[in-house]
Amino acid sequence: RELSNASLTSLPSEVDAPRYDRTALRGGIVHFGVGHFHRSHQAMYLDELMRRGQSMDWAVHGVGVRPADEGTRNRLAAQDHLYTLTVKEPDGSRRNRVIGSLLSAGYSPQDPTGVVERIADAATRVVSLTITEGGYGIDQVTGEFTGDSAPIRADLDADVPNTTPFGLVLQAMRLRRDRGLGGLTVMSCDNIQENGTVSRAAFLGFAGMKDPELARWMEQEVSFPNSMVDRVTPATVDADRAYLERTFGYRDRWPVTAEPFHQWVLEDAFVAGRPPLEDVGVDIVGDVEPYELMKLRLANGTHQALCYFGFLLGHRYVHEAITDPDVQALLLRYVDEEAVPTLKPIAGVAFRAYGRTVVARFANPEIQDPLTRICADTSDRIPKFLLPVVTAQLADGGPVGVCAAVVAAWARYAEGTDEQGRPIDVVDPRRDSLMAAARRNGDAPTAFIEDRSLFGTLAESPRFVEAYVEALRLIRTGGVRAALRQIVAAPS
Ligand code: NAD
């Protein structure tokens with residue numbers, strides 16, 4: 001049996017299938033990047049509304065612009081754009097539910113005009129995006145649109161820019177303006193701080209280079225809400241498909257799996273209306289920033305705090321590292337003593353409890369999240385997730401010992417061998433300079449933190465340097481386990 005509209009009613013009762021009339025759905029959203037995350041998050045929230053008989057006119061037309069999206073299009077088209085969301089509980093049980101909110105999944109190189117017309121359609125009121133952090137052509141430091149990627153440059157040079165979301169949306173906006181239709185909302189759901197501000201810079205920056213007059217129209221007519229999104233969604237593997245077929249006797253070519261936790265905090269800035277997402281648990285707020293800081297410092301920061309120590313101790317997955325009592329003790333000190341005091345209060349949110357939720361989430365053994373994923377590209381991560389905590393604590397005279405120890409563990413990791421002498425594959429855009437600095441850890445113990453483009457002036461902060469040098473000495477001389485215990489036991 002194949003998953004399809006026709007087979008929905010005959011699925012086993014353990015699979016929670018949509019009962020609403022899918023023929024009554026109408027598209028209201030065009031989404032770029034129908035990858036894993038969109039399907040476990042935004043599409044799931046919309047399906048939830050539809051199950052309540054709401055938002056039948058907010059279904060999603062997906063668009064992919066990259067070669068890999070052709071396969072997605074084919075797999076989803078073969079099953080009426082239905083797919084199973086398998087939620088993996090920490091106890092090994094699974095909840096399976098079929099999501100019905102997706103109407104199509106187009107592949108834009110095959111029909112760019114169709115995509116442009118879809119966005120220009122009066123029924124489309126939101127264009128949403130999960131095109132990855134690197135998809136926006138933004139300079140990481142200045143936040144300015146540089147267009148510095150091959151597809152964006154190709155679109156900037158083309159008479160008819162068909163290659164990227166920026167080009168396709170620009171064409172659609174011209175049609176909307178010329179047809180007397182208003183603008184719409186561009187809603188990024190990518191994991192980027194101030195993702196709305198970044199989207200605005202990208203879409204208006206692109207438009208400004210191609211058609212300044214249209215860019216001015218878009219500035220008035222298009223809104224770019226910020227959002228904070230969260231749900232660990234690993235890439236689907238063959239075993240996920242095999243599990244559905246074996247357990248429930250149906251074939252799903254493109255299921256998605258996720259952890260139980262999900263969160264979406266969304267700025268209320270929609271120029272052409274929005275679905276009532278607050279009815280299904282989305283926090284609609286005036287200012288997303290305090291939530292972003294919470295997530296960056298408590299969730300992403302915790303990932304960094306565990307990954308180098310965890311890897312050096314011989315763990316290979318997040319859940320293994322976080323259930324190591326010494327690692328967990330360090331994390332809880334990081335959360336409670338160093339990270340939480342730097343956050344902006346949010347009414348109704350208890351940060352320490354959120355920190356405990358993060359620990360419980362990361363301990364889920366069903367989400368096989370490799371530590372190498374979290375250790376990769378550290379030079380992009382530590383400056384965003386951990387160093388702002390250090391800066392805030394230094395300004396306040398607060399503790400920095402745990403953060404300093406985490407940076408020291410990174411410096412030790414970047415030496416490129418573990419305690420047994422086995423090589424560590426340091427994956428980082430700055431790999432060469434990081435490893436060169438780490439090779440000097442023994443005789444020049446501050447060498448690693450002297451790179452101002454990463455660490456600012458931290459190497460000039462006596463308190464940070466003292467804690468860092470001591471942690472590095474402990475790790476390098478007494479071994480990682482003993483060092484970790486001493487660091488955790490030290491007074492703050
Ligand atoms: P995925 O690889 O399954 O899908 C990525 C999609 O983005 C694909 O459709 C791809 O074609 C498209 N894409 C990639 N680069 C692009 C570019 N330069 N221009 C246009 N489209 C591009 O990945 P995913 O798991 O869906 O994650 C996508 C994004 O979602 C992440 O980068 C992150 O910002 C956000 N996110 C993911 C998770 C997660 O756990 N997977 C959690 C929170 C947020």
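Which helix gives the most to the shell around the ligand? The legends below take up this question on a predicted model.

View 1. The ligand is surrounded by 25 residues. Gly 33, Gly 35, Phe 37, Ile 131 and Gly 135 are the closest. By class, the shell holds 11 polar, nine nonpolar and five charged residues.

**View 2. Helices at the ligand.** Helix α1 gives the most to the shell, with three residues. Both α1 (36-40) and α3 (68-77) supply at least two residues each. Phe 37, within the range of α1, is among the closest residues to the ligand.

**View 3. Packing of α10 with α12.** Two packed helices are described by the angle between their axes and the distance between the axes. Helix α10 spans residues 289-312 and helix α12 spans residues 325-339. They pack at an angle of about 145°. Their axes lie 10 Å apart. The crossing of α10 past α12 is right-handed.

**View 4. Residues at the α10 and α12 contact.** From α10 come Arg 297, Leu 298, Gly 301, Thr 302, Ala 305, Leu 306, Phe 309 and Gly 310. From α12 come Val 327, Leu 330, Leu 331, Tyr 334, Val 335 and Ala 339. By class, this contact has 10 nonpolar, three polar and one charged residues.

**View 5. Confidence in the prediction.** The mean pLDDT of the protein is 96, and 100% of the residues score at least 70. Among the elements, strand β7 (residues 126-129) has the highest mean pLDDT, 99. Helix α15 (residues 378-385) has the lowest, 92. For the model, ipTM is 0.99 and pTM is 0.93.

Key: Residues are numbered from 1 along each chain as its sequence is written. This is a predicted model: local features need pLDDT of at least 70, side-chain atom pairs count only at pLDDT 80 or more; totals for chains, interfaces and linings use all residues. Axes are lines fitted to C-alpha atoms, for helices over the stretch in contact, and angles run from 0 to 180 degrees between N-to-C directions. Helices (H or I, at least four residues) and strands (E, at least two) are DSSP runs, numbered from the N terminus. A crossing is left-handed if the near helix is turned anticlockwise from the far one by less than a right angle, and right-handed if clockwise. Two residues are in contact if their C-beta atoms, placed from the backbone, lie within 7 Å. Ala, Val, Leu, Ile, Met, Phe, Trp, Tyr, Cys and Pro count as nonpolar, Asp, Glu, Lys and Arg as charged, and the others, Gly among them, as polar. pLDDT is the predictor's confidence in each residue, from 0 to 100. A residue is near a molecule or strand if its C-beta atom, placed from the backbone, lies within 6 Å of it.
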